[in-house]
Amino acid sequence: MGQRLRVLDVGMGQGTQALRLARAGHSVTGLESDAEMLASARASLAGEPEGIRERVRLIEGDGRDTGVHFLPGSFDVVLCHGVLMYVSEPDPLLAGLARMLAPGGLLSLLVRNADALAMRPGTAGDFATALASFDTDAYTNRLGLEVRADRLEVLRATLAGIAAPLHAWYGVRVFTDNVGNEAELPGPEELARVFAAEDRAGRTDPYRGVAALLHLCGVRG
């Protein structure tokens, strides 16, 4: 096994990625403000072997209050996936997350791509919404909530300003953004092709720039 990392998963939801990391041998702290999501994560954790359960700590709390729960430099990796779209002013949150990182630590962000908001409605044939999406960072998500998206260059500047400059970035859901959650999965061979195409596009210009989501990796100096 490689290095065992101290991971903070902010806005962990049902704990899917937290459990995967714990199964891989890492020490994971999950922070979640939604009581229902936290209960689901705890139920999932209860079904894991003791060796995995003892590597996971679940805390009810808000990602904007990490300083209340943890000391600076407490983690090697901080994950903040699918959270910034619900935060009207993300800069203070990101600065707080960067302070949680040990030197050389990784800040991993998954955000909605504001520079590609017209792609989903446009490829679905909703051109009125596509036209309205060019000059805004606001959108309605699949839950019907009014949320916001982020621009790569703005986040690049923010990460530089909080001493966790952008190290690498990737596009996520380049070709499959309009596939619904209820869609039946293709067979194994075709599914492998889907993953391969998405992986290649997510690492390649110009495709990654029009992905629905962006995965940004900042490294603490």
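Predicted model: local features only at pLDDT ≥ 70, side-chain atom pairs only at ≥ 80, totals over all residues.

1. The strands concerned are S1, residues 6-10, and S4, residues 75-81, which pair in the parallel sense over four bridges. As background, the strands of a sheet pair through backbone hydrogen bonds, in either a parallel or an antiparallel way.

2. Stepping back to the whole sheet, you can trace seven strands in the order S3-S2-S1-S4-S5-S9-S8, forming an open sheet with mixed pairing. Strand S3 (56-60) and strand S8 (166-172) each have a single partner strand, so one side of each is left without a neighbour in the sheet. From one strand to the next, the twist averages 15 degrees.

3. Two helices deserve a look against this sheet. Helix H2 (residues 35-46) lies across strand S2 (27-32) and S3, and runs at about 165 degrees to S3, while helix H8 (residues 152-161) lies across S5, S8 and S9, running at about 155 degrees to S8.

4. Which residues have the most contacts inside the largest nonpolar core? They are Leu8, Val78, Leu107, Leu109, Ile162 and Leu216, in a core of 30 residues. Among the elements that give two or more residues to this core are S1, S4 and H8, but the largest share, five residues, comes from H5. A second, separate core of 14 residues includes Val7, Val28, Leu38 and Ala41.

Conventions. Residues numbered from 1 in each chain as written. Heavy atoms only, no water. Pairing = 2+ DSSP bridges. Axes fitted to C-alpha atoms, helices over the stretch in contact; angles between N-to-C directions. Contact = heavy atoms within 4.5 Å. Core = buried A, V, L, I, M, F, W, Y, C linked by side-chain atoms within 4.5 Å. Buried < 20%, exposed > 50% of the residue type's maximum accessible area, 1.4 Å probe, protein only.
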